[in-house]
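Subject: Model for you to look at

Hi,

Here is the structure I promised to pass on. Please open it next to this email; my notes follow below.

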Amino acid sequence: MKEEIIVSGRMNPFVDPHLNIWHWQIPLYLFLGGLAAGILFFAALYFLNGKEKEYPAAVRLAPFITPFLLAIGLVALFIDLRHKMYFWQLYTNIKLQSPMSWGAWTLMVITPVSFIWCALHIRDLFPSWNWKFNRIKDLELFFSRNKKTIAWIMLIYSVILGIYTGILLSAFNARPLWNTSILGPLFLTSGLSAGAATILILSKSAVEKKLFARIDLILIGIELFLIIHMFMGFLASTQVQIDAANLFLGGPYTMSFWIFVVIMGMVLPAVLEIMELRKFHIPSFLPALLVLFGSVMLRFIFVYAGQVSRWLY
Amino acid sequence: MRYAMAVDTKKCVGCSDCVVACQTENNVPIGYCREWVTEVTDGTYPQLEMEIRSERCNHCENAPCVRCCPTGASHIAEGGIVLVTRNKCIGCGACIASCPYDARYPHPDGYVDKCTFCEHRIKNGQKPACAAVCPTKCIYFGDLDDPNSDVSVVLKKRKVKTLIPEAGTNPQLYFLI
């Protein structure tokens, strides 16, 4: 049998025997960022459509958790940095070719916007809220007058945030598993689906629940389509990408990917949501929690499996 | 100016003198290396062939690490040398993940570290430590734009390969085969 044995003298921590540089912080952040993007997208979309009254959980309630999601995500990113005291360098440079630079600047826009959106709706949660200082009251007036503009910024930047969480990985040609442009749309769809699921959990209106169950179903369909497409692309590509796909098709990540992400995170919630729409009695938080679980697992498995896939040895 | 390096796989005996010289010259932390020796054995027993390579950063012309760096800490310096500016590096690890040769590592002090072609030595007209110390003189270094440099001469004479050119990085570390 023709064989090739490679012995390398390199044993750098976090790099060998296979790359192990990114841990829980990155997938957690990718999930929280995607989820925040999903929630803010629907909030802006239905506000701009004038459906604020019909879908209160989407437009008013759910966005209240996004500042927390983004803040925790940012803390996770900060923990991931190894040269922490230089983090500000992210904001003294704009590198158009670096997805991470794009991400840092996108967060710089969408995090304050999410805070503003919550401030504008704070009286929904605390009816007697008073901003106390006139300056802040003026500011609130200014923002509420320009709410439409804010909603447009939120809509556009939430899409950028959602898609960037995937592009961050797909830009690395050194890791064949990540190096597919499907990852951008896949992570965006997964983020939107997680956002819809969160709205489903928070909503108290039957009309709204029905709408978001339907949206979630469509998004799960798109996700499954993208995943099939991704594997078709991998298997029709070069050897390194075939090897990358095989991590999920018989390799060490097969069980976790197909069981946690595809079956528990997509197929099962889709079936439950169809049953719910067909008037079976199913607690609506159940499929939603499964979607969120699948969304978390998708990112964790991709970040870890991607670091195993390689070109050389 | 375009610095490049060529390693003669027929002359390299895999003694790792280059590895130790690099670690000493550049004060590389213990347990880490900027360059390493790889031994590849292939064929069907008993017809086996062995190739020994002294490997390091390929100082790619189309360097993915420079492209993905969010702060510009990773940059291409004069002569095409890929360097990291320590006090601009945030230690995010993007460049480490982006390198198909896995030539970078996180320094225990936080920043990302890698082969510099011994930039501090070549400024003074010296060879990089690995090339200077090699007992079989199998590491050639020089300027590709100068037709009489060691590396230009040997690249003209010999059959040459680079590692995974299909990764699209246009590596500047050559292997004489």
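What is the strand order of the open sheet of 3 strands, and is its pairing parallel or antiparallel? The order is 1(A)-2(B)-3(B), and the pairing is antiparallel. Keep in mind throughout that this is a predicted model.

**The sheet across the two chains**

Start with the edges. Strand 1 of chain A and strand 3 of chain B each have a single partner strand, so one side of each is left without a neighbour in the sheet. On average, neighbouring strands here are turned by 15° against each other, direction ignored.

Next, the pairing between chains. Strand 1 of chain A, residues 3–8, runs antiparallel to strand 2 of chain B, and 6 bridges link the two. Glu3(A) has Gly43(B) as its bridge partner. Val7(A) stands opposite Glu39(B).

Now the pairing inside chain B. Strand 2 and strand 3 of chain B, the latter covering residues 47–55, are antiparallel over 9 bridges. These two strands of chain B form a hairpin, with 2 residues between them. Thr44(B) stands opposite Gln47(B).

As background, strands of a sheet pair through backbone hydrogen bonds, either parallel or antiparallel.

**The contact between A and B**

How many residues of each chain are in contact with the other? On chain B there are 44, and on chain A there are 40. Four elements of chain B give two or more residues to its side: strand 2 (36–44), helix 2 (64–68), helix 3 (94–98) and strand 6 (105–106). Strand 2 of chain B gives the most, with 9 residues. That is the strand of chain B that pairs with strand 1 of chain A. By class, the chain B side has 25 nonpolar, 14 polar and 5 charged residues.

**Chain B as a whole**

Chain B has 6 helices and 10 strands. Its radius of gyration is 16 Å, close to the 16 Å that the globule rule gives for 177 residues, so chain B is as compact as a globular protein of that length. Along the principal axes, the C-alpha atoms of chain B fill a box of roughly 50 × 40 × 35 Å. Of its 177 residues, 48% count as buried. Consider also the contacts in chain B between residues at least 6 apart in sequence: 53% of them join residues at least 24 apart.

**The core, and Ile139(B)**

The largest nonpolar core has 150 residues. Which residues have the most contacts inside it? They are Leu40(A), Ala43(A), Ala58(A), Ala196(A), Ile199(A), Met5(B) and Ile139(B). Helix 1 of chain A, residues 25–48, supplies the largest share of this core, with 17 residues. In general, nonpolar side chains tend to be buried together in soluble globular proteins.

Strand 8 of chain B runs antiparallel to strand 1 of chain B, residues 3–8, with 5 bridges between them. There, Val7(B) stands opposite Ile139(B). Leaving aside neighbours within four places in sequence, the contacts of Ile139(B) include Met5(B), Val7(B), Cys18(B) and Ser54(B). Cys130(B), Ala131(B) and Cys134(B) are also in contact with Ile139(B).

Best wishes

Conventions:
Residues numbered from 1 in each chain as written. Chains lettered and ligands numbered in written order. Predicted model: local features only at pLDDT ≥ 70, side-chain atom pairs only at ≥ 80, totals over all residues. Contact = placed C-beta atoms within 7 Å. Nonpolar A, V, L, I, M, F, W, Y, C, P; charged D, E, K, R; others polar. Pairing = 2+ DSSP bridges. Rg over C-alpha atoms; globule rule 2.2 N^0.38 Å. Buried ≥ 20, exposed ≤ 12 C-beta atoms within 10 Å, placed from the backbone. Axes fitted to C-alpha atoms, helices over the stretch in contact; angles between N-to-C directions. Core = buried A, V, L, I, M, F, W, Y, C linked by C-beta atoms within 7 Å.
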